[in-house]
Amino acid sequence: MTGPLQWMTTKLDAAVGWARKFSIFQYPFVTACCGMEYMATACSHYDVDRFGAGFPRFSPRQADVLFVVGTISHKLAPVLKKIYDQMTEPKWVVAFGVCTCTGGFYDNYATLMGIDTIMPVDVYIPGCPPRPENVLDGLIKLQAKIQAQHTGTPLGTSSGASAASAGLHA
Amino acid sequence: MEHVSAPSIPATATPFPSAARETKDLWLNVGPAHPAMHGIIRIILQLDGETVRGADVEIGYLHRGFEKMCEQGGYNHAIPYTDRLNYVSPLINNVGYCMAIEKLMGITVPERCQYIRVIMSELSRVTDHLTCIGASAMELGAFTVFLYMIKAREYLWELIELVTGARLTVTYCRVGGVKADLPEGFAERTRVALRQTREVVKEVDRLLTRNRIFVDRMKGTGTIAQADAIAYGITGPFLRATGVNYDVRKAQPYAVYPQVRFDVPVGQHGDNLDRYFVRMEEMEQSMRIVEQCLGQIPGGPIQVDARGRPSTPLGTVLSEAEGRVEGRPIEAAEMVDEAKMGRIPAIADTSPVTDPTLEGSNRPFHQRVNAPAKRAVLPPKDDAYGNIEGLMQHFKLVMHGHGIRPPKGEVYQAVEGANGELGFYVVSDGTDKPYRVRVRPPCLPIMAALPILLTGDMMADVVPTFGSVNMIGGELDR
Amino acid sequence: MPEALTVSRRVRDRFPEAVLTTHQFRGDDTVVVRREAVKEVARFLRDDPAMAFNVLMDLTAVDYLRYPERREPPGPTARFEVVYHLYSLEHGHRVRVKIPVGEGDPMVESLTDLWPAADWFEREVWDMFGIQFLGHPNLKRLLMYEEFQGHPLRKDYPVNKRQPLIGPVN
């Protein structure tokens, strides 16, 4: 498609991206020590509310970003997968802490070596635990990713080719 | 139209005769992913309306194999794993583990090191209680209290970062000492931080202690009898809230606790409100301990050379009178022999110039806070880089197959964790890897007693009760 | 410490045929008791007024499969040892009771009717070592999931052997 229609969808994408990135409803799936740094980031000193992400939604149906915070053991992995499946599109996943990125230094029978073995991850925040500044940096990267995503099918067309050319968000 | 008479209702019948009703209890799964479940616990409640008839607790969702991982590396390698046990008071775990290994080896650490360990432990205890009260208040709806407590915790974490380099997972203690001495200006910064923390605690006290809603929700809920608490092996603030005065710091004093004065708050009723009071008062007592320690701690690093002598130019031999020969130049071979005996001051007194990042690991700093035990403690960096004995000592402690080798045997060392008695049972087989490290988690018996705490109360009381249990997943599941 | 000597010596005087050996090491008092007598000895330790061990601090086990040579020569060299740590609130003394348990029939009587604290500790020992406790009301796994095969803290269980519920094996 050409010209003015493309300009409109680009502007619409940008507007929707802007709105989405500043109204993040996070689901903090907190298990371990990283939870303490998550709490520190969410509270007054390193306020995450100024990014619009200050309101955790404790139901996966209402959340759009899944913050996986802390080590995931094999016993907990099916629960985490269920939570991820219960979230509705659009959804993003942040792996907070090195235990969720790669398993950390718990290379043993009990620990999942990184949550990307069971679900796709958008942003990895390494650290054991990451400093709140790292977390905010990761959040800003997530926001950039959200902003850059294209939304919906182009107006007036339903063919696969133009959907592909408009970069349909999977 | 026919007159249909109303059915006659007997005078004594109730609107919903119970004989016609059959009820079943509801099994409610308060699942692993739940906002008030501090991480990951699964409580299966048997509910009759709103009343809890029974509860079943399932744990293990954060089992990370701490005990197995400790067996894989050396004794000092286990210290980062111990940080992540009770991750809100990591220094207490570090201290407990290092004390267990030191007990096994028979090492006594210098007094300054013991004072430092006590100061850091008590600061950790304050952060633990701040987090516990903050989180449980948040779950009752008092979100401001949570923000205030975390603000106070940040003050203390900045202090801890000043000393150890990390806010949370500190890995500060070593077998035979601590990683590094206290920085300059620590005492003043601590006093400022404690003053700020006390203000926050006072504000929270004003917000919560006489708050009708808070008191109504916490008073009389989650009660446990003293006999039950003892039978279940519960220790710490939980046990003290039922009226038993048991604190490891008073019962089996360790480090410098006999030399500081502090009180142990003891409650009466064993309900949530008493636990809240015990924790609030314990924070004040911990701050009192820190202030006394800052006043009593023996002096800092000595700013003189290890032998206190001025250095002389290379090639000179010292005079015979003190074992030194003055002034004459000597043969190279003779100089080498004299130097090996330590009689060439220019060689004996020099220290290598170490990297600025190793400052603090030099001789006077290092030796004030580490035991003089060659079999367990790394040498100061001047020695590791400067002479062969230091290099060998470093090598023997660091290389695979060498390392810290305690005698064969087993010990149990208990310290007072924030939740109760934190015990480390270490079995050694004489090699450089621990054979078995067992942590006696203080919150495991409390979680085992959770069905008793919850039964009889209402569904809404599960939240404050569970909050006052202060379950820390890293410690419970290890 | 004189009290510590008294505890193990009293136990040995009271149950001469049940006690295999006693020793003190670094101030800790240890009594090694025959498996069949554990209930009697435990009851004595709890109920006798001079002993008054009303708190079961810890209950765990050690697998001596890879231990170079055993420290206590008398008695059969058993693979496991179940270790009880007891504390008396009244007298302030501690004792460690050890029960050697063979590999062929890893079973010990449960002490849940003496101290309810033993309940979860014994479940954990069953989970991690595979030692059964006769008379335990609810002997199932505590820390691992039900589908897990094997007992992880045994020395012959490799540290990296994973049995994931979902996700790849390694």
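Chain B comprises 20 helices and eight strands. Of its 478 residues, 51% are buried. Among the contacts in chain B that join residues at least 6 apart in sequence, 69% link residues at least 24 apart. The mean pLDDT of chain B is 84, and 89% of its residues reach 70 or more. Residues 303-325 of chain B have pLDDT below 50; in the model this stretch makes 37 contacts beyond near neighbours in sequence. Where pLDDT is low, the predicted coordinates should not be read in detail.

Chain C contains three helices and seven strands, and the order of these elements along the sequence is α-β-β-α-β-β-β-β-α-β. The radius of gyration of chain C is 17 Å, close to the 15 Å given by the globule rule for 170 residues, so chain C is as compact as a globular protein of that length. The C-alpha trace of chain C extends over about 55 × 35 × 25 Å along its principal axes. Of the 170 residues in chain C, 40% count as buried. Contacts between residues 24 or more positions apart account for 51% of those in chain C with a separation of 6 or more.

One of the residues of helix α3 (residues 118-129) of chain C is Glu122(C). Glu122(C) counts as buried because it has 26 C-beta neighbours inside 10 Å, where 20 or more are required. Leaving aside residues up to four places away in sequence, Glu122(C) touches Leu59(C), Ser110(C), Thr112(C), Phe133(C) and His136(C). The C-alpha atom of Glu122(C) is separated by 8.7 Å from that of Leu111(C), a residue 11 positions away along the chain.

Chain B is in contact with both chain C and chain A. On the side of chain B that touches chain C, at least two residues each are supplied by α1 (66-70), α3 (90-105), α8 (226-231), β6 (409-416), β7 (421-428), β8 (436-440) and α17 (443-448) of chain B. The largest share of this side, four residues, is contributed by β7(B). By class, the side of chain B that touches chain C consists of 16 nonpolar, nine polar and 10 charged residues.

Towards chain A, 24 residues of chain B are in contact with 27 residues of chain A. Two or more residues of the side of chain B that touches chain A come from each of α1, α5 (143-164) and α20 (473-477) of chain B. Helix α5(B) gives the most, with four residues. This side of chain B divides into 12 nonpolar, seven polar and five charged residues.

Strands β6, β7 and β8 of chain B, each of which supplies at least two residues to the side that touches chain C, form an open three-stranded sheet in the order β6-β7-β8, with antiparallel pairing. In this sheet β6(B) and β8(B) stand at the edges with a single partner strand each, so one side of each has no neighbour in the sheet. The twist from one strand to the next averages 15°. The antiparallel pairing of β6(B) with β7(B) runs over eight bridges, and Gly409(B) stands opposite Ser428(B) in β7(B). Helix α3(B) lies across β6 and β7 of chain B and runs at about 145° to β6(B). Helix α3(B) is also among the elements supplying at least two residues to the side of chain B that touches chain C.

In chain A, four strands form an open sheet with parallel pairing, in the order β1-β2-β3-β4. Strands β2 (residues 65-69) and β3 (residues 92-96) of chain A pair in the parallel sense over five bridges, and Val65(A) has Trp92(A) in β3(A) as its bridge partner. Helix α2 (residues 34-42) of chain A packs on the sheet, where it touches β1, β2 and β3 of chain A, and its direction makes about 130° with that of β2(A). Helix α5 (residues 132-148) of chain A also packs on the sheet; α5(A) touches β3 and β4 of chain A, and its direction makes about 175° with that of β4(A).

Notes:
Residues are numbered from 1 along each chain as its sequence is written. Chains are lettered from A and ligands numbered from 1 in the order in which they are written. This is a predicted model: local features need pLDDT of at least 70, side-chain atom pairs count only at pLDDT 80 or more; totals for chains, interfaces and linings use all residues. Two residues are in contact if their C-beta atoms, placed from the backbone, lie within 7 Å. Ala, Val, Leu, Ile, Met, Phe, Trp, Tyr, Cys and Pro count as nonpolar, Asp, Glu, Lys and Arg as charged, and the others, Gly among them, as polar. Two strands pair if DSSP finds at least two bridges between them. Axes are lines fitted to C-alpha atoms, for helices over the stretch in contact, and angles run from 0 to 180 degrees between N-to-C directions. pLDDT is the predictor's confidence in each residue, from 0 to 100. The radius of gyration is taken over C-alpha atoms; the globule rule is 2.2 Å times the number of residues to the power 0.38. A residue is buried if 20 or more other C-beta atoms lie within 10 Å of its own, exposed if 12 or fewer, and partly exposed in between; C-beta atoms are placed from the backbone.
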